[in-house]
Amino acid sequence: MNMNAASKLTKEALEHEKQISALTKTGEESATKYRDEIYRLRYGVYEPQLGEIRRQMDEALRALEAQQKVDQEHLRAEVIRLKQAIDKVQRILLFLRLKPRALAVEDDAVKTYKQDQGKYKEALPYLLDDDYLKIKLFIVENGKPKNKYSLCAVGDTIFPENLLRLRRGYGCPFYTGNMFSLETLVRDGASVQELKTWLAKNYFTLQPDLTGDYFIVKLEYLAAVQDYKVMDFGPLLLATCECGFFHTIFDDLGRRGEVITCPKCAQTMKEV
Ligand SMILES: [Zn+2]
């Protein structure tokens with residue numbers, strides 16, 4: 001073995017070992033420096049800026065959304081304001097379309113169900129016998145074990161449901177073929193006499209309870225037909241019929257340019 005060579009190698013190894021130690025230390029210091037700088041840039045500089053931008057964005061978007069709401073509310077209010085005149089004329093036209101007809105609630109119109117045949121049924125006099133609304137009361141045996149009798153009201157009016165909504169509940173122990181605008185159970189009782197006694201006591205409160213807005217609608221109707229004629233609204237009319245029925249620009253007639261048949265009498269309507 002060459003002693004000189006060994007000594008040279010040893011020296012070199014020791015030297016390199018020292019250098020590696022120094023480099024390792026430098027590397028650790030450098031890593032710390034970078035980590036600190038990254039931390040500083042992230043949390044000291046950019047994150048706060050991002051936070052501020054996000055805050056500004058949220059604020060701007062919220063302001064826009066609030067403005068949009070205000071604008072839409074404004075538009076809606078404007079449409080509602082403009083629609084008032086249209087609603088008013090449409091309501092008058094609904095009244096002008098009505099044709100008074102003879103109203104009646106025949107005793108036979110109220111039929112018991114097949115399995116209830118032979119059960120008690122009594123028609124009482126009209127509770128209301130007015131020109132445009134008639135209400136008749138019936139007492140009908142209902143098949144229940146205890147309160148065996150039902151006092152029911154059946155009514156006929158010239159006003160369609162969109163002008164006058166009357167009670168059309170279930171619970172009547174009979175059928176009428178769905179012909180009536182008022183059909184409701186008033187109350188059940190143990191005997192016919194009990195119901196009649198109740199009726200005598202409650203006669204005058206029962207009537208307003210069952211007529212709803214009838215008297216208001218009736219006044220409105222009478223005023224409309226007295227003050228206006230269909231032809232007063234000429235520019236709004238699309239087609240008229242000899243029977244008195246008419247279509248207006250507010251009616252959706254579907255396809256245009258075809259023969260328009262009157263839905264009331266099936267005659268061909270005259271286009272205006
Ligand atoms: Zn017609």
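1. The feature to raise at the outset is helix H2, which carries a kink of about 75 degrees centred on Asn202. The model under discussion is a predicted one, and the remarks below should be read accordingly.

2. Helix H2 covers residues 192-211, 20 residues in all, yet its end C-alpha atoms are only 24 Å apart. A straight helix would reach 28 Å at 1.5 Å a residue, and H2 falls short of that figure. After H2 comes Gly212, with a positive phi near 60 degrees.

3. Which residues of H2 are buried? They are Leu195, Leu206, Leu210 and Thr211. The packing partners of the buried residues of H2 are strands S1, S2, S3 (149-157) and S4 (182-189), together with helix H3.

4. Two of these partners, S1 and S2, also pair with each other. Strand S1 (residues 121-129) and strand S2 (residues 133-141) run antiparallel and are joined by 6 bridges.

5. A separate point concerns the open sheet formed by 3 strands in the order S6-S5-S7, where the pairing is antiparallel. Strands S6 (246-248) and S7 stand at the edges with a single partner strand each, so each has one side left without a neighbour in the sheet. Strand S5 (residues 237-240) is linked to S7 by 2 bridges, and the two strands run antiparallel. Within this pairing, Ala239 has Glu271 in S7 as its bridge partner.

6. On confidence, the chain averages a pLDDT of 91, and 98% of the residues score at least 70. Where in the chain is confidence lowest, and where is it highest? The lowest mean, 88, belongs to strand S7 (residues 270-271), whereas helix H3 (residues 214-227) has the highest, at 96.

7. Finally, the domain assignment divides the chain into domain 1 (18-97), domain 2 (107-219) and domain 3 (229-271). The centres of domain 2 and domain 3, taken over C-alpha atoms, are separated by 36 Å.

Technical notes:
Residues numbered from 1 in each chain as written. Predicted model: local features only at pLDDT ≥ 70, side-chain atom pairs only at ≥ 80, totals over all residues. pLDDT = per-residue confidence, 0-100. Helix = DSSP H or I, 4+ residues; strand = E, 2+ residues; numbered from the N terminus. Pairing = 2+ DSSP bridges. Expected span 1.5 Å × (residues − 1). Bend = angle between axes of the 7 residues up to and from the residue. Buried ≥ 20, exposed ≤ 12 C-beta atoms within 10 Å, placed from the backbone. Contact = placed C-beta atoms within 7 Å. Domains from an automatic or database assignment.
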